[in-house]
Amino acid sequence: MAYQTLLVEKRNAVGYVTINRPEKLNALNRRVLDELHACFAALQTDVDVRVAILTGSGEKAFVAGADINELATQAPLDGKAMALRGQQLCRFIENLGKPVIAAINGFALGGGCELAMACTLRIATENARLGQPEVKLGVIPGYAGTQRLPRLVGTGRALAMILTGEPITAAEALRIGLVNQVVPAAELLAAAESVAAKIVANAPLAVKLALEAVQHGMELTTAEGEFLEANLFALSCATADMKEGTQAFLEKRPAQFTGK
């Protein structure tokens, strides 16, 4: 499928998705949201892709936020529809069933920070800035930033970011757990690929089930989460990959996983 706002390629079991609006600092408008949803839907069903890397075009921004020209014209019902569309995309990425690594090259503000938070892992450049500045525009985060941010960094830190609207540095984002790793800009893609390669080497079904256990378990009580984990563990024990993984370990050889 041809996209107007995205660059997409695949190699070594990794899908690369680049938001390609550098002249707008990769700001999110309706077309970008729709194309991202279509792109990730295709990656979800692509058996040759086990991990995705999401980044922005250029050196200045991952995603600088929503497209203000589009945002400024929103009436209440339009605004609700816009928020729901963004939330749906973020929820879809979060529950893709395959890990998505956000390679944050520069600004990740507003919807850009929310998009990054929907990804499984986040790697940022040293000059990256992350934040939820919506209150400075007279609105609030609309793509589930008020929900994911406190779950990731705690209520107090989330409220400080949301209520002041001030961005934080990559180093601070690492300190509070908003990102997993900070690297020099020249090493960003290589760092994301290194993590992706380690995931690709593992059993695909086990990776998918582990994602489900963590993501769905976070919404349950501890006892319910443990029950979910036990059921998913049982499913993993029924796979050919489990037999291959344990046999390879006993035979002291690399496992050859098939995703079955």
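Student: Which does I176 count as, buried or exposed, and at what relative accessibility?

Tutor: I176 counts as buried because its relative accessibility is 9%, the limit for buried being under 20% relative accessible area, with a 1.4 Å probe and protein chains only. The model is predicted, so local features require pLDDT of at least 70 and side-chain atom pairs count only at pLDDT 80 or more, whereas totals for chains, interfaces and linings use all residues. Residues are numbered from 1 along each chain as its sequence is written, and side-chain values use heavy atoms, leaving out hydrogens and water.

I176 belongs to helix α7, residues 170–176 (helices are DSSP runs of H or I with at least four residues, and strands are E runs of at least two, numbered from the N terminus). Beyond its neighbours within four places in sequence, I176 is in contact with L152, V153, R157, M161 and I168, contact being heavy atoms within 4.5 Å. M161 and I168 are also among the residues touched by L130; others that L130 touches include I104, A173 and L178, with residues up to four places away not counted.

L130 is in turn one of the residues with the most contacts inside the largest nonpolar core, which has 47 residues; such a core is a set of buried Ala, Val, Leu, Ile, Met, Phe, Trp, Tyr and Cys residues joined through side-chain atoms within 4.5 Å. Helix α1 (residues 30–45) gives this core its largest share, six residues. A second, separate core holds 16 residues, including Y16, I123, A196 and V200.

Elsewhere, helix α9 has V207, L209, L211, A213 and G217 buried, and its buried residues pack against α8 (188–200) and α10 (222–237). Helix α9 also supplies five residues, the largest share, to the lining of the largest pocket. A pocket is an open set of points on a 1 Å grid over the protein atoms alone, where a 1.4 Å probe fits, with protein on both sides within 12 Å along at least five of seven lines; lining residues have an atom within 4 Å of a point. This pocket has a volume of about 700 Å³. Its lining comprises 23 residues, with E94, M117, R148, Q215 and E219 nearest the centre.

How values were computed. Buried means under 20% relative accessible area, exposed over 50%, partly exposed in between (1.4 Å probe, protein chains only). Grid points are joined across faces, edges and corners, and a volume is the space filled by probe spheres set on the points.
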